[in-house]
Amino acid sequence: FNKQTASKLTFTQFMGENMKYHSSAASMRMVQKAAARYDVPYRTIPGPLYVLNDQARQTLYHEPAFTAAFAAAKRMDLIVCGLGTLQSINSIPAWHDHIQEIFPGVDLRQIAGMAFGRPFDINGHFLVAPENDKTLSIALPTIEQVPRRVAIVQRKSKFQAAMGALEGQLFTDMILTESVALRITEAFGI
């Protein structure tokens, strides 16, 4: 984002923190930096991406520190995010140690990628049943109704995630590096 002033613009997290605190990919940090580029307000969710306790997760949606961000997220007209992989989930000790609890009933070998904190297969089907979703986030149907959903994919290791996201039409737009695009076209035989 180039530095400029904007009006009627708010950046918000729509799901909890991925816990990559020492990375430029930290959710809260990305929202804060983007808002600073436009000199506009932002809303953050100061909680983890996954909350195993269903009652605790439901209670957090009503906590004052969270309500403004969740209310703003329900009104989003654009999402900009990256694609994740199972490897990115496993790189966080808290998630790695509880992966079966985070994704109950999911065959981890079927995960092609992660979008919106949720695993999907090579056909772009989300693998966690809604009643088992442990993601601290606005609901997946609400995310799917956002008119513009943009994914940025920069690493070749995410080409299967990109293929699944394309197949499932999870995003309205995808920005790919040339190397990722070439791997996808080779896989599709184009």
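Tutor: Gladly. Let us start with helix 8, whose buried residues are Phe159, Ala161, Ala162, Met163, Gly164 and Ala165. Keep in mind that this is a predicted model.

Student: What makes a residue such as Phe159 in helix 8 count as buried?

Tutor: A residue is called buried because its relative accessible area is under 20%. Phe159 is one of the residues of helix 8 in that class. Across the protein chain, buried residues make up 42% of the 190 residues.

Student: Which elements do the buried residues of helix 8 pack against?

Tutor: They pack against strand 4 (113-115), strand 5 (118-120), strand 6 (148-153), strand 7 (173-176) and helix 9 (178-188). After helix 8 comes Gln169, with a positive phi near 50 degrees.

Student: Why is Pro93 called exposed?

Tutor: The cut-off for exposed is over 50%. Pro93 has a relative accessible area of 57%, so Pro93 is exposed. This proline is found in helix 5 (residues 93-96). Its C-alpha atom is separated by 22 Å from that of Leu60, 33 residues apart along the chain.

Student: Why is the protein chain said to be as compact as a globular protein of that length?

Tutor: First, the inventory: the protein chain has 9 helices and 7 strands. Its radius of gyration is 16 Å and the globule rule gives 16 Å for 190 residues, so the chain is as compact as a globular protein of that length. The box filled by its C-alpha atoms is roughly 50 × 40 × 30 Å along the principal axes.

Student: What makes a group of residues a nonpolar core?

Tutor: The residues must be buried and of nonpolar kinds such as Phe, Ile or Leu, joined through side-chain atoms within 4.5 Å. The largest such core here has 44 residues, and those with the most contacts inside it are Phe14, Tyr50, Ile79, Leu83, Phe103, Phe116 and Phe171. Helix 8 (residues 159-168) gives the largest share of this core, 5 residues. Another core, of 6 residues, lies apart from it, and Phe11, Val31, Ala35 and Tyr38 are among its members.

Student: Which residues is Phe14 in contact with, leaving aside its neighbours within four places in sequence?

Tutor: Contact means heavy atoms within 4.5 Å. By that test, the partners of Phe14 beyond those neighbours are Ile45, Phe70, Ala73, Met76, Ile79, Phe116, Ser137, Ile138 and Ile143.

Key. Residues numbered from 1 in each chain as written. Predicted model: local features only at pLDDT ≥ 70, side-chain atom pairs only at ≥ 80, totals over all residues. Heavy atoms only, no water. Helix = DSSP H or I, 4+ residues; strand = E, 2+ residues; numbered from the N terminus. Rg over C-alpha atoms; globule rule 2.2 N^0.38 Å. Buried < 20%, exposed > 50% of the residue type's maximum accessible area, 1.4 Å probe, protein only.
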